[in-house]
Amino acid sequence: MQKLFSWASKWWPGLIPLAVMWGFAAWNNTLPVEADLSARSSAALKDTVLDKTRIAVDGRDVSLAADAFSEEGRRDAVMAVEIVPGVRLVDDRTRLVAEAKPFVWNAERDVVRVTLSGSAPLPSMRARLTEAARKEVGGVEVADQMGLARGAPPRFEAAAMLLLDQIGKLKDGKITITDTKVNLSGMARELGGREAIAAALKNLPEGFSIAANEIKAPPYIFQAYKDPVAATVTLTGNVPDNNVHAAIGTSASRKFFTEKVVDNLKASIGAPGSFSTAVIAALGALSRLSTGTLVVSDREVKLSGDALYEGAANEIRAGLGKDFPKNWQYKPEITVKPAAGPVDGTVCQQLFSELLTKGKIRFANRRADIDPDSAGILDRLIETALRCPTTNIEVVGHTDADGEDVFNQALSEKRAQAVIDYLVKAGLPASRFTAVGHGSTQPVAGNDTDEGRAQNRRIEFLVR
């Protein structure tokens, strides 16, 4: 017996490395099996809709953890792994994605980005919504802060896609779907954007409705800048239609007799009521300034610049709003241009002649009422008369040959006197002026054309 124990004590230590070698071989053979089962289980799930999928294999047992979007989808995923050849047991650790009640989705735009938040019903739909937002606002950052949740109403994706089409029309704002109710707020990027969004919302999928649409239109802006150095009046901004556009252009051409009218206006919807009336009246005030800026924003008018003399400044400040429609606001910021130096009679005559060559004093047809469009040239004539205070001036009226001679003679005298009355009202002494009328006896052009007759209807200033 002693010999037996002595022999055993010599061989049993050799079993230890054999056991280690056997364990290593078993482990080494198990690793490829587990890796293969893991790969085939993952492949079996390729057609299922899951989120946060995790697969762990222990021998031939598979642990499946995932978030499913329906009970049917969860069961299908477990079954797909169970039938993988070689799988003995599936440890089902799947669960359903939480249901959102109510189901809320948001798209919000600010100056620098579009942010998508709330819930999306599927990962693939979340990706499609994000991509659609990027295409709509190309170049603007899109932040995806959406979570995944069950509970989306039918046709949710169609509704969300239609609403994302409107994001590009917003300067800023927010669009929200709450179950089947849609809320919109913010500012449209351009005039007409609000109306375009409202039209698009009529195509929401069946079952969806607008709970609130508070999209605002941007200010409706018209601007005019009078530059005496460049001798231009530049019109920019918006007009409601081509007819109003033409009317404003014609009025500007009549009022600004020494400046070239640069017309950069464009037709846009959204003009306030009585837009044309207010703009044409404001252009009349601008025409009386040496330099000035006119800004019409919705129903607010701002006019700034230099009047040619103190009396004109007071008249413009006091009279700016008289021709505006009700509920319009106005803000005149009128200063007075520094007075130019005095000149002698010869230079004074030259200045009068140059002004009346460039523009003309207009009257109502066959009457002595001065057309309001003549305010700009009359202010220039007054400014010139102030520079030669010691001269006496004849204001001479002429008519065309239409009508009877007696009527034309009287009309020419009345028109000359109407001009003097305007000058005296502005503060010039009446004693400096004499009204003279020549009727149609001194034409400067033929009376057989409209153009010739228009040239003959004129006022002259003669320094004596």
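A residue is called buried when its relative accessible area is under 20%, exposed when it is over 50%, and partly exposed in between, using a 1.4 Å probe and protein chains only. The model is predicted, so local features need pLDDT of at least 70, side-chain atom pairs count only at pLDDT 80 or more, and totals for chains, interfaces and linings use all residues. Residues are numbered from 1 along each chain as its sequence is written, and side-chain values use heavy atoms, with hydrogens and water left out.

Start with Ser 374. Its relative accessibility is 1%, so Ser 374 counts as buried. Ser 374 sits in the loop between helix 10 (345-358) and helix 11 (375-387). Helices (H or I, at least four residues) and strands (E, at least two) are DSSP runs, numbered from the N terminus. Leaving aside residues up to four places away in sequence, Ser 374 touches Lys 360, Ile 361 and Arg 362. Touching means contact, with heavy atoms within 4.5 Å.

Three strands form an open sheet in the order 19-18-20, with mixed pairing. Strands pair if DSSP finds at least two bridges between them. Strand 19 (433-437) and strand 20 (458-463) are the edge strands, and each pairs on one side only. Strand 18 (residues 393-398) and strand 20 run antiparallel, joined by six bridges. In strand 20, Val 463 is the bridge partner of Ile 393.

A helix joins the picture. Helix 12 (residues 405-425) packs on the sheet and touches strand 18, strand 19 and strand 20.

Note on methods:
Axes fitted to C-alpha atoms, helices over the stretch in contact; angles between N-to-C directions.
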